[in-house]
Amino acid sequence: IKGREELQKLQEEPKPKTKLEVKPESPALEAPLVEPAKQSLNRRRIGNEIICAVWYSRGGKGAVSANSVLNKFLAALGLYPQGFPKFGPERQGAPIEAFASFSGAEILPVGEPETKEMGLVLDLAAWPEFYQNLGEEAVMVVNTALSPEELRKVKGIKGGKNYTVDANSLAEKYVGSRDYPNMVILGAVIRSLKYYGLDFAIDEPTAREQLRIWLSESLASAA
């Protein structure tokens, strides 16, 4: 009986109110990554043109994750991005595509674009003829140990501007596995955006700090 009385007394006592502590946002998130004047300049430079980048990869290589971060970066530059993956119910390792379109104006049509101005290749073995799906002046960022000249010669690529990165080796160095070259290619893709005259208005340490907010330390270092 005594135990019941003590339990009832505890239940009737008012419970102390818990003070909620709100964690302050990171300073890197409070201010825009690129100042508004530069964002406006980037929108004017791209205008109403819609530029589409397509990732060529295999399931499980991280193309969709890298595409998501790329769209965040494009939005930080003041542009209007649109991104989505394209794959079916295939198992891990099956070829997939992911799209990232951006423009200086709002993009209304949703779907796979007819013209692709950027080809981002994570797995060349899965997409040996990737360049046939791109425009004549496309920018290509390819995960391969070949030099740009060697890649042109081996694949017979004539037009466009291509960059090659041995992303597998760099991923092994910074991430600890050759199976995740996505962030290495993402870093190369971000650098290649200057081909379109975009003004980043940020230095590399600031960009890396922002990537650390979006990603882990090792993945940000790889990018």
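Student: Before anything else, what does buried mean here?
Tutor: Buried means under 20% relative accessible area, with exposed set at over 50% and partly exposed in between, using a 1.4 Å probe and protein chains only. This is a predicted model, in which local features need pLDDT of at least 70 and side-chain atom pairs count only at pLDDT 80 or more, while totals for chains, interfaces and linings use all residues. Residues are numbered from 1 along each chain as its sequence is written, and side-chain values use heavy atoms, with hydrogens and water left out.

Student: OK, what share of the protein chain is buried?
Tutor: Of the 223 residues in the protein chain, 40% are buried.

Student: And how many helices and strands?
Tutor: The protein chain has 9 helices and 6 strands, taken as DSSP runs numbered from the N terminus (helices H or I, at least four residues; strands E, at least two).

Student: Switching to serine 101, where is it?
Tutor: Serine 101 lies in strand β3, which spans residues 95-103, and it counts as buried because its relative accessibility is 4%.

Student: Which residues does serine 101 touch?
Tutor: Leaving aside residues up to four places away in sequence, serine 101 has contacts, meaning heavy atoms within 4.5 Å, with Ile50, Ile51, Cys52, Asn71, Tyr80, Pro81, Gln82, Ile107 and Pro113.

Student: What about the largest nonpolar core?
Tutor: A nonpolar core is a set of buried Ala, Val, Leu, Ile, Met, Phe, Trp, Tyr and Cys residues joined through side-chain atoms within 4.5 Å. The largest has 36 residues, and Trp55, Leu70, Met118 and Leu193 have the most contacts inside it. Its largest share, 7 residues, comes from α7.
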